Amino acid sequence: MKNIDIIVPIYNAYEFTEECIKSIIKNTDLSKHTLVLINDKSPDEKILPMLLKYKNKNSDKQIIVLDNEQNLGFVKTVNKGMQYSENDVILLNSDTEVTKNWIEKIQRCAYSNQYIATVTPLTNNGTIASVPNFGIDNELPQNMTLEEYAEMIEKISKNRYPELTTGNGFCMYIKRDVIEEIGLFDDETFDKGYGEENDFCYRALDHGYINVLCDNTFIYHKGTQSFKKENLTASRAALIDEHMKLLREKHPIYVQKTDNFLANNPLRDIHENINLNILLHNKKRILYLVNEWEENMEMTGGTSLHIKDIINSNIKNNIASFVVSPDKNDLTQFKLYLYTDKYAKAIANYKTDINYYGQITYTNNSYKEMLENIFDSFKIDILHVHHFLFQTFDAIDIAKERNIYSIITLHDLYMICPSINMVYKDKYCENDNTKDCAKCLNIRYGVNSNILNKWQKTCFEILKKFDKIIVPSNNTKKIFENIYKELEIEVVEHGVAITEVKTKNTNKTSKQFNIAFVGAMAIHKGSNILKDLISKNNNANIKIHLFGKSEDKELTKNKSNYINHGPYKRGELPQLLIDNNIDLVCMFTTWPETYSYTLTETYMAQVPVLTFDIGAVGDRIKEDGLGWVIKLDTKSTEILAKIEEICNDIKEYKNKKDNFKNYKFKEVEEMQKYYENLYESIELKPKTANIYEFIDQKTKMKEIEFNQYLTKYGHIINKYEKTRNTKLWKIAKKLKAKIKRN
């Protein structure tokens, strides 16, 4: 590393100057580099003694104090410093504070390209170099110290060193070769300041050099209130206008480029990255994998509603929630959403080459690269998988490689069978001896083999890797433990927001008995049974209703004994049941549902339920005493007979209704508290280094300089290069190319 002279022109501003000097001494190796403090005849008589105090106090450091006999002005003072030096220089305003490793990072940037003339770091107050908001004066983030802010910017930087049309004089690195080639600042034209660094940078462009931004380094620039535009005197404002006019006359093309740069902000990605990370500072970060999602979280599916409730709790508890979900219109596209106290929207789109249809996919390189990018870019702390559907199993291995705590919630039976709900034709296939798994999987996925055993073996290995497995019901736990006997599974029931309803007169005078089907009607939800009941119901006193959307067009048409009320929003169902005088809700799901929000909402309306003796719904009805259960293979005629029996047995019906008085709902706040405690209890483990961080040694290595690296490992590299020059290597290379062509 070359020696650098840090030139600080000083005129009054005692407190700012002292803070600047302290930060330089703290963060700079002044046994290698020299600090040149130039007092430009400051009227404040305390300035010079203070400069000498720091020089004498740090006798082991290279600190030079120059005292102008008369006031030269900023530009001539800077030139005096550059003439005094024989090295590369950093011009630094006295109202700045430098940060850790600043000089090493800036110099590394300067020598990343031989044609770089000047380097300007990021700052809060430096127009073209300002962050987090471009082109304006920024305050430091309220939730971070200067050191934390600078460290964060270094960690998240892409180290791309973007080109600038001009540097900024608050802190500007200039190579000695460039100074000798194009000269010093033009102190004749810009003697009183404003525009001198622009002119120098534009002259460097004329000579074929470039000016760059060191986007991994932040220097705090306080600025001076008297220099702000609203406080400018008429003479100073006139001076700025005059110098801008001179620049436009002398460098019309470059000034126009600068204007375009300021208007279009090609550094937008840097600003967005910093703004986002300010927002994420000191927040625990959880990544959720889901199979469907809406940006505004206005979902209807039970899984999505559950995750929404958790995320709303996270927002209150200073947790950042990232959600990865496939695009429902294109399953090769994925979106990344972010939800915090001040942010709620999609922040990235990714394209993969996942071929969901036609194959069972356990891993995919493009999907894996996407997740690795998300984990590493946003420093994810916890992985919480809610579904692997339309995705691969790569996430758990990525989390394990990074020592990230992992949770999976099993909302259905996908991790037992890719059919998701284990319905063959229209019935739960667990005890169906006539099922044809190969045929079922061929219809759903296009595979030509019965891969169920391989699927379960793979899923078992995947589930064992998770730190915690959660299911919403004891019934679901039993099903999984029956297949995967060694798993430890915890039951955490979903919580619900209690909907207040306006009750009606309970003295029933009409003979009509209203039964309702609720929720989305598909085959596995009992749509065929509903159609059968409509066609076979000859009892004029029994009227059938549907609240929810249907995949079957036949169910969209009203009939004399049937009314389709259409879809409803979350929370509306209880009042709809009451307003339409519903006496009984039928839930004929043909697979073991793991929970059921619609059942809970039905409870809120205090309407008894008739269901099959299967899954969490059947278990809940039996345990709660709020309805009746019948066998899964009950025929439609028998179901109608049971409904008529319920209708006629007034005493038994009243007993079921009375049981609602003692029922206690698990409210959403109770569930949210569980996850709040769970997430809070997870100790964040050290994350292992990403190997790719070390590929570009010149820009990534901090402790070991690149030349030292070559010294240490040069013999290995030399041996590798010699191997590449052997005949055997060349033959192998030709064979590889030939194979690739074929």
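**Close-up views of a predicted model**

**View 1. H5 passes H10 in a right-handed crossing.** Right-handed here says the near helix is turned clockwise from the far one by less than a right angle, and left-handed is the anticlockwise case. This is a predicted model, where local features need pLDDT of at least 70, side-chain atom pairs count only at pLDDT 80 or more, and totals for chains, interfaces and linings use all residues. Residues are numbered from 1 along each chain as its sequence is written, and side-chain values use heavy atoms, with hydrogens and water left out. Helix H5 covers residues 146-156 and helix H10 covers residues 268-280; their axes sit 10 Å apart at an angle of about 125°. That makes H5 oblique to H10. Touching residues (heavy atoms within 4.5 Å) are Tyr149, Met152, Ile153 and Ile156 from H5, plus Asn273, Ile274, Asn277 and Ile278 from H10. Sorted by class, that's six nonpolar, two polar and no charged residues.

Some ground rules: helices (H or I, at least four residues) and strands (E, at least two) are DSSP runs numbered from the N terminus. Axes are lines fitted to C-alpha atoms, for helices over the stretch in contact, with angles from 0 to 180 degrees between N-to-C directions. Under 35 degrees counts as roughly parallel, over 145 as roughly antiparallel, 65 to 115 as roughly perpendicular, and the rest as oblique. Ala, Val, Leu, Ile, Met, Phe, Trp, Tyr, Cys and Pro count as nonpolar, Asp, Glu, Lys and Arg as charged, and the others, Gly among them, as polar.

**View 2. H19 and H20 cross at roughly 30°.** The axes of H19 (residues 597-604) and H20 (residues 615-624) come within 10 Å, and the two helices are therefore roughly parallel to each other. This crossing is right-handed. H19 brings Leu599, Thr600 and Tyr603 to the contact, while H20 brings Val617, Arg620, Ile621 and Asp624.

**View 3. The second largest cavity holds about 70 Å³ of space.** A cavity is a set of points, on a 1 Å grid over the protein atoms alone, where a 1.4 Å probe fits but cannot get out; lining residues have an atom within 4 Å of a point. Points are joined across faces, edges and corners, and volume is the space filled by probe spheres set on them. Among the lining residues are His386, Phe388, Asp412 and Met415.

**View 4. The peptide bond from valine 131 to proline 132 is cis.** Its omega is near 5°. Proline 132 belongs to the loop between strand S6 (116-123) and H5.

Technical notes:
On a 1 Å grid over the protein atoms alone, a cavity is a set of points where a 1.4 Å probe fits but cannot get out, and a pocket is an open set with protein on both sides within 12 Å along at least five of seven lines; lining residues have an atom within 4 Å of a point.
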